[in-house]
Amino acid sequence: MSNLDPALSARLKRGPDGLVPAIAQQYDTGEVLMLGWMDDEALHRTLTTGRCTYWSRSRQEYWVKGDTSGHVQHVKSVALDCDADTVLVKVDQVGAACHTGARTCFDADVLPVSE
């Protein structure tokens, strides 16, 4: 059972696993940092604690970004996309966002694009 506002919960369009993708973006630069997954409880905790909480699909448990690494995400705003199937969390990232130690998860494998 989650403490998420029932009206908000009713709007969310979740995948078969009950999760919605959550994109973390640096609030002041627009830099896309990472993608995590949230269920109702993770979103509730994110909205009420000011720290990003995600659901770990591999460990099957909640994790608060930075609790073990010190690389904290301080929440600045949270928004749903137009279909209510993706969450955008604007954060102030302290340290690396990626588990590899990189600032962002999206800078190590840039694919070539034909023009």
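**Salt bridges, cysteines and a surface patch**

Being four residues apart in helix H2, Glu41 and Arg45 are separated by about one helical turn. In this predicted model, their side chains meet in a salt bridge, with N and O 3.1 Å apart. Glu41 is buried, at 13% relative accessible area, whereas Arg45 is partly exposed, at 30%.

This pair belongs to a structure that holds five salt bridges. Another of them joins Arg14 to Asp40, whose closest N and O atoms are 2.9 Å apart. Arg14 lies in the loop between helix H1 (6-11) and strand S1 (20-26), while Asp40 belongs to helix H2 (residues 40-49), so the contact ties together parts that are 26 residues apart in sequence. Arg14 is partly exposed, with 33% relative accessible area, and Asp40 is buried, with 16%. A further salt bridge links Arg59 and Glu61, with 3.1 Å between the closest N and O atoms. Here Arg59 is partly exposed at 47%, and Glu61 is partly exposed at 38%.

The cysteines may be considered next. The count of disulfides is zero. For Cys52, the closest cysteine sulfur is that of Cys105, and the distance of 13 Å is too far for a bond; a disulfide would require the two sulfur atoms to be within 2.5 Å. Cys52 is buried, with a relative accessible area of 0%, whereas Cys82 is exposed, at 76%.

Finally, the surface carries a nonpolar patch formed by Val32, Leu35 and Phe106, which together have about 270 Å² of accessible area. Phe106 is found in the segment after strand S6 (87-93) and counts as exposed, at 52% relative accessibility.

How values were computed:
Residues numbered from 1 in each chain as written. Predicted model: local features only at pLDDT ≥ 70, side-chain atom pairs only at ≥ 80, totals over all residues. Heavy atoms only, no water. Patch = residues over 30% accessible without salt bridge, like charges linked within 9 Å, V, L, I, M, F, W, Y side chains within 5 Å. Areas by Shrake-Rupley, 256 points an atom, 1.4 Å probe, with all protein chains shown as cover. Salt bridge = Lys/Arg side-chain N within 4 Å of Asp/Glu carboxyl O. Helix = DSSP H or I, 4+ residues; strand = E, 2+ residues; numbered from the N terminus. Buried < 20%, exposed > 50% of the residue type's maximum accessible area, 1.4 Å probe, protein only.
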